Structure formats: structure tokens, C-alpha cells
Amino acid sequence: MFYAEIWLESIEEMTVKRILTGIRPTGALHVGHYVGALENWLQLQARYECYFLIADYQALGDHFHEIDLIRDSVIQVTLDWLAVGLDPERSSFVIQSYVPEHAELTMLLSFITPLGMLERNPTLKAELDELPVERRTVGFYNYPMSQVADILLPQARLVPVGDDQAPHVEMTREVARKFNRMFGEVFPVPDTLIGRIPRLRGTDGAAKMSKSKGNVISLSDDRETVRRKVMSMYTDPTRLRATDPGHVEGNPVFEYHDAFNPDKGQVEDFKHRYREGKVGDVEVKQALAEALNRFLDPIRERRSRFEANPRQIEDALMHGTGRARKLAAETMRQVRAAMRIDSYTSRWE
Ligand code: ATP
Ligand code: MG
């Protein structure tokens, strides 16, 4: 597993060719996606062959009753990608369900995957615990398996993700090795690349900012919405007055300052005064809202340009998905041949 700070050196040494990663179309993207994933994607797209997947099959797992949300989010996610600067000429934007080989490979790999791998997966366990019983579907339980197939289908070597997804990439490595051992070398064993902030907290102080939890600052929020969300953010609950000494560690307001405020001197000064009880939350939050808004301004600007041109969004999806289809057909030919589940009737031909 690689972390963002060391990625450049480490990757130079690897023979990275292809990269796959993805996002579920379950809502607009947020600043956690940026520091956990998109920032690395932006660097990688300049040098490698990248496949960015809109994982709509996986969204169905717990959002099967919200098809309108999924449909809308496919477009919103694409817009967010364009707005942060992902380039569909260089990289392929792919709609998962438009390449049905994803489903075929998920099924074939599930036959060689021990149940224990899903049972032990810490991210899956935590997500299932939070899901109401009526939304705990077989499809959701199997989504890490689907992610394994997503990564192996384009024969990717590197997977840039936030750390909640690391167990799924670990599972991919095990399944790839097992397949290769049983049937012959088909799949490279991929590495994980974790973002600068492996897991950004939610505005409510929860361990993870998450589209489905509503504790987010979206890349598409306007200035006033960002200001409002920041001013009502969770902070240090033990601090009742501005003169009480406060906690900086585990406090999302400071975590966001570290992640998004380029004025490191100001951040250090706030931290110092906060610990001493010499600055109020309002001042720290106002500065944070301003830093976030400055970070988001160019993204907003690019977004509005693409919004005015829906044809570009459609073209981006269609081109990328077309490229992924060709690759998928070739991998599946290799997989079926390796497993000897092709040409059963060849002796009669
Ligand atoms: P959902 O709640 O629908 O699962 P999500 O916010 O978790 O949405 P995903 O589509 O599951 O988003 O994740 C997309 C990518 O962004 C993954 O690589 C994931 O690890 C990363 N990511 C998501 N949330 C965060 C976060 N708060 N901090 C860092 N990375 C994140
Ligand atoms: Mg998620």
C-alpha cells in the first residue's frame, strides 16, 4: 500500500500501466473525495492510462429504491469530475453497467472466493451494521466482489482510493493471485494508493464524510452554503466558552484547516490560540469557510462552463465506456480460455 506523500517515487519504480478506480453515483461529490481520491487521480491521469468508473451496479446495492437519485448522480459525478479537471480525452470515464462484463467477471470470480473474505472485511461489516435491515441485500453484501472484478477487468496495476476501500483492494490482490495459481497468469496483482487525507471526517464529527450521510461539503455547494455548513460544524464539545482551552486533535474544523487552508502560519496560530482559550470558534470557522471557498472557486467556475454544454458530458461518458468495452471483451476472452469454459463444442466444429 502506498501513501500520497511517497507515491511519485514508489510509482516510478513500478511498471504501472493501467489504473482503475471508481465512485458510486449516490450523490454529489464532496471535499473528502477530493483529498482522499480525486487529487491523486488528477496527478495520475497525466502519465498513466486511467479508467474512472461510475459504479452504478454498486449503487443499486443499497439504493435500489432510489433509481432517480442514481440516474441524476451519474451526470452529477461526471460534472464533478470535469469540474476538478479530469480530462476525458486522456482518461476513460466508464459507466459500469454499460460494460456488462463487469457482472460476468463478478460472478465467475465469486466461485473461487471464500466466503470468509467478505465476512472478515471491516469496511463491509461497518457499512452493513449501519444499513437498515430492509436495505441489506445480497447485492450489497457482494459489492466488494464487484469491486474486485472492476479492478481486474481492465487488468489494472494501481488503485487510488480513500482508506475505507483498502480492504477491497487487498481482497482483489488475494483473488488475483488465486485465479493466477489455479488457471494461469491473467491478472496483475494491483497496488493501493491512499490519498493525502486517507479519511476526511464529516461536518458532524463522524469518522467519515460520506455522500449517504449528508455530513458533507459538496464540490458543487455555493459560497453561502459552504459558509452556513462551516458555521454549524461540529467542533470541540468540551469547550463551552471561547476562553476555555480547546482540543485541536480530532476536531474536524482543524482537520479541514490542515487540508484546505494554504496559509499554514494562520492555521498554526489558530491551533495555538485555540489550545490556550484565546480564540473563538466563530473566528476559526469564518477563516475556514473562506479557505474552502477559495479552494472551490475554480472548481465552481469550470463546473458552470461544463453545465452549459451537456453534450460534452455525454461524449465523455460514451467515449470512455467504448474504450472500456474493448478492453473488457479481451480480458473476458482470456478469462474464459484460462478457465476452459469456452469452446465446449469445438470437437464438433
Ligand atoms: P457512499 O456513502 O454512497 O458510499 P462515499 O462518500 O463513501 O459514498 P464512494 O463512492 O463510496 O463515496 O467513494 C469514492 C472514493 O472516495 C473512494 O476511493 C473512497 O475511499 C473515497 N472517499 C469517500 N469518502 C471519503 C472521505 N471522507 N475521505 C477520504 N476519501 C473518501
Ligand atoms: Mg462509500
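Contact here means heavy atoms within 4.5 Å, and helices (H or I, at least four residues) and strands (E, at least two) are DSSP runs, numbered from the N terminus. Everything below comes from a predicted model, where local features need pLDDT of at least 70, side-chain atom pairs count only at pLDDT 80 or more, and totals for chains, interfaces and linings use all residues. Residues are numbered from 1 along each chain as its sequence is written, and side-chain values use heavy atoms, with hydrogens and water left out.

**View 1**

**View 2. Two domains side by side.** An automatic or database domain assignment gives domain 1 (2-201 + 310-348) and domain 2 (221-305). Their C-alpha centres lie 33 Å apart. At the meeting point, 15 residues of domain 1 are in contact with 13 residues of domain 2.

**View 3. The largest nonpolar core.** A nonpolar core is a set of buried Ala, Val, Leu, Ile, Met, Phe, Trp, Tyr and Cys residues joined through side-chain atoms within 4.5 Å. This one has 56 residues, and V31, L38, W81, L200, L219, Y256 and L292 touch the most other members. Helix α14 (residues 281-307) supplies the largest share, eight residues. Domain 1 and domain 2 both give residues to this core, so it lies between them. Zoom in on V31 and, skipping residues up to four places away in sequence, you'll find it touching L200, M209, I217, L219, F260, L292, F295 and L296. A second, separate core of 41 residues includes V99, L124, L131 and I194.

**View 4. A nonpolar patch on the surface.** L60, F64 and I67 make up this patch, with about 240 Å² of accessible area together (Shrake-Rupley method, 1.4 Å probe). Patch residues have over 30% relative accessible area and no salt bridge, and nonpolar side chains are joined within 5 Å; a salt bridge is a side-chain nitrogen of Lys or Arg within 4 Å of a carboxyl oxygen of Asp or Glu. I67 sits in helix α4 (residues 67-84).

**View 5. A242 in its loop.** A242 belongs to the loop between α11 (223-231) and α12 (252-260). Beyond its neighbours within four places in sequence, A242 contacts G277, K278, V279 and G280. A242 and Y274 are 32 residues apart in sequence, yet 8.2 Å apart in space, C-alpha to C-alpha.

Terms used. Chains are lettered from A and ligands numbered from 1 in the order in which they are written. Buried means under 20% relative accessible area, exposed over 50%, partly exposed in between (1.4 Å probe, protein chains only). Patches are made of residues with over 30% relative accessible area and no salt bridge: like charges are joined within 9 Å, nonpolar side chains (Val, Leu, Ile, Met, Phe, Trp, Tyr) within 5 Å.
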